[in-house]
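Student: Could you walk me through this one? I'd like to start with the ligand and then go on to the helices.

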Amino acid sequence: MKFFADTAEIADIKELAATGLLDGVTTNPSLIMKSGRDFIEVTREICGIVDGPVSAEVVALDHAGMMAEAETLRKIADNVCIKVPMTLDGLKTCKALTSDGTMVNVTLCFSGNQALLAAKAGATFVSPFVGRHDDNGFDGMDLIRDIRLIYDNYDYRTEILVASVRHVVHVLEAARIGAEVMTAPPAVIKALVKHVLTDKGIEGFMADWAKTGQTI
Ligand code: E4P
């Protein structure tokens, strides 16, 4: 399973990249706003830190506008993945860009039918938002199961990029279902390693080792 960091914070991206566990980054207009950075500049910097796909989202809502923005964004680096919204114009843009060999992430997916459309449009990634789905009284993981089933039925190559991940159980469930990618805030990715029995075990081993008086 690939891990993407859902952030535009350079320090966090560098820290995760140094672990060797980071496969890509996703950003969106809200994350760019939070970073306080210039969109193009920060995207270029992120692309220089990670080798994998870095999603940069268009803000135009019409096809021509999206294509023009995508043209600017894809010039930033070879690993830029153009993020488009789940609209007919977004899907049309997805089709045009992927036919040309550009990576595309279709975002704001909330139904199996929407995911089906993204696959038909040739999307590299589809981003179902599990946390926002849960917030609205649905089970975000049911959505991932639906998409997995649909994609497997037709052997679609579009990768399921589980997004709007809020906690470690979302990651576990996504892995059980077989989603190819998940994107999560850095804090959630770092929390994956934590287990009370691991901490307790290390504490016990350290205490006993100290009693041996040995060094390695
Ligand atoms: C995905 O690419 C989005 O950037 C993100 O996962 C949205 O998450 P949120 O619902 O926590 O804002």
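**Ligand and helix packing**

Tutor: A polar side-chain atom of K83 lies 2.7 Å from an oxygen atom of the ligand; a polar contact here is a pair of N or O atoms within 3.5 Å. This is a predicted model, in which local features need pLDDT of at least 70 and side-chain atom pairs count only at pLDDT 80 or more, while totals for chains, interfaces and linings use all residues. Residues are numbered from 1 along each chain as its sequence is written, and side-chain values use heavy atoms, with hydrogens and water left out.

Student: Switching to helices. How do helix 6 and helix 8 pack?

Tutor: Helix 6 (residues 112–120) packs on helix 8 (residues 140–154) at about 40°, and their axes are 9 Å apart. Helices are DSSP runs of H or I, at least four residues, numbered from the N terminus. The axes are lines fitted to C-alpha atoms over the stretch in contact, with angles from 0 to 180 degrees between N-to-C directions.

Student: What does that angle make them?

Tutor: That angle makes helix 6 oblique to helix 8. Under 35 degrees counts as roughly parallel, over 145 as roughly antiparallel, 65 to 115 as roughly perpendicular, and the rest as oblique.

Student: Which residues touch?

Tutor: G112, A115, L116, A118 and A119 of helix 6 contact L143, I147, I150 and Y151 of helix 8, contact being heavy atoms within 4.5 Å. By class, eight are nonpolar, one is polar and none is charged. Ala, Val, Leu, Ile, Met, Phe, Trp, Tyr, Cys and Pro count as nonpolar, Asp, Glu, Lys and Arg as charged, and the others, Gly among them, as polar.

Student: What about helix 1 and helix 3?

Tutor: The axes of helix 1 (residues 10–17) and helix 3 (residues 39–49) come within 10 Å and cross at roughly 10°, so the two helices are roughly parallel. I10, I13, K14 and A17 of helix 1 meet V42, E45, I46 and I49 of helix 3. That contact has six nonpolar, no polar and two charged residues.

Student: Last pair: at what angle do helix 4 and helix 5 pack?

Tutor: About 45°, with the axes of helix 4 (residues 63–74) and helix 5 (residues 88–99) 9 Å apart. They are therefore oblique to each other.

Conventions:
A polar contact is a pair of N or O atoms within 3.5 Å; within protein, one must be able to donate a hydrogen and the other to accept it, and residues adjacent in sequence count only if both atoms are side-chain atoms.
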